[in-house]
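Hello,

Here is the structure for you to look over. My notes on it follow below.

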Amino acid sequence: MNGRTSAPVPVLMYHAVAPEPNEATRELSVTPEAFAEQMAVLKDRGFQPVTTARLAEHWRGTGQPPLPADPLLITFDDGYEGVHRYALPTLAHYGFPATLFVSTGWIRGAHDTGGGLDTMLDWDQVRELAAGGVEIGGHSHTHPQLDQLDDDTLWSELIRCKEIVAGELGTVPQSFAYPYGYSSRRVRARVRAAGFTQALAVGNALARQRQGPYALQRLTVRRSTTTEEFERIVEGRAITRNFARDRALTKGYAMVRRARQVRRKAIRTRV
């Protein structure tokens, strides 16, 4: 893999980084030791992480300077406190940039709705992450399933998230990640209209330019991911096998969600 425009890029999706996460976040967490070992793997393999914004700018043909050889993205969702406590020192050690997608209603402070699943970041910590080379993106306000919302509620989730991040950091966020990885044509259109210039899904596949800027796919890193599996994932080997169960579940969820949408439309029509 290299920095060519059309080359696929691994985009890693992390959540909590904690030695003892609670049950709600355990499966999608990694230990600080595992995270440090995984970052060492990236360094040893010659990967050169970039931010979400930089990759998207490059694929739009507007990014300067060009991407390094063997680019990769390190992303975190939700806004868990361990990203600051444990991940940031490791990222700083290797000089790796990353992207953190925050659910603004889960961050401790004036906008907190109390929905956070574990100990969450506060805004001072988010600012320290930004100062340490972490791009801060949006992840909605209260982390709902966006494709299940009506138009007004969807718009409120997007705009409130964007405005809070801009107000707290003094910089308008450009990147977005869909909560739960779910989106639809309507959601993607609204994310674009809200001013986000790129958005990430899950998909458990390498990101490719042809996916478009609002459907870039990511690879899930979880507590059960071994070092050997991690090496295969970042090198693009055996991805289909590693994520076979995830893809089967995703297809099942997609059918259920489409059925729900059809029922809601039918109910609105009758009313």
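Arg45, Glu231, Glu235 and Arg237 are joined in a network of salt bridges. A salt bridge here is a side-chain nitrogen of Lys or Arg within 4 Å of a carboxyl oxygen of Asp or Glu. By this rule there are 12 salt bridges. Side chains of opposite charge can pair when their charged atoms come close.

Before the rest, the ground rules. This is a predicted model, with local features needing pLDDT of at least 70, side-chain atom pairs counted only at pLDDT 80 or more, and totals for chains, interfaces and linings using all residues. Residues are numbered from 1 along each chain as its sequence is written, and side-chain values use heavy atoms, with hydrogens and water left out.

- Aspartate 77 and arginine 218 form a salt bridge at 2.9 Å, N to O. The two are 141 residues apart, with aspartate 77 in strand S5 (residues 71-78) and arginine 218 in strand S10 (residues 216-220). Both residues are buried. Buried means under 20% relative accessible area, exposed over 50%, and partly exposed in between (1.4 Å probe, protein chains only).
- Glutamate 81 pairs with arginine 85, the closest N and O atoms being 3.2 Å apart. Glutamate 81 has 12% relative accessibility, so it counts as buried. Arginine 85 has 49%, so it counts as partly exposed.
- Aspartate 122 forms a salt bridge with arginine 108, with 4.0 Å between the closest N and O atoms. Both sit in the loop between strand S6 (98-102) and H4, 14 residues apart. Aspartate 122 is partly exposed at 21% relative accessibility. Arginine 108 is partly exposed too, at 35%.

**Fold and helix packing**

The chain has nine helices and 10 strands. These are DSSP runs numbered from the N terminus: helices are H or I with at least four residues, strands are E with at least two. Of the 271 residues, 48% count as buried. Among contacts with a separation of 6 or more, 65% come from residues 24 or more positions apart. Contact means heavy atoms within 4.5 Å.

How do H4 and H5 pack? Helix H4 (residues 123-131) meets helix H5 (residues 151-169) at an angle of about 75°, with the axes 10 Å apart. That makes H4 roughly perpendicular to H5, a label for angles of 65 to 115 degrees. Axes are lines fitted to C-alpha atoms over the stretch in contact, and angles run from 0 to 180 degrees between N-to-C directions. H4 contributes Trp123, Val126, Arg127 and Ala130, while H5 contributes Ile164, Val165, Glu168 and Leu169.

**Cores**

The largest nonpolar core holds 37 residues, of which Leu12, Tyr14, Phe35, Leu42, Ile74, Phe76 and Leu91 touch the most other members. A nonpolar core is a set of buried Ala, Val, Leu, Ile, Met, Phe, Trp, Tyr and Cys residues joined through side-chain atoms within 4.5 Å. Leaving out residues up to four places away in sequence, leucine 12 touches residues including Leu42, Ile74, Leu219 and Phe230. Another core lies apart from the largest one and has 14 residues, among them Leu146, Ile159, Phe176 and Tyr214.

Threonine 220 lies in strand S10. Its relative accessibility is 4%, so threonine 220 counts as buried. Its C-alpha atom is 8.7 Å from that of valine 11, 209 residues away along the chain. Beyond four places in sequence, threonine 220 touches Met13, Leu28, Val202, Asn204, Thr225 and Phe243.

Best wishes

Methods: Angles under 35 degrees count as roughly parallel, over 145 as roughly antiparallel, 65 to 115 as roughly perpendicular and the rest as oblique.
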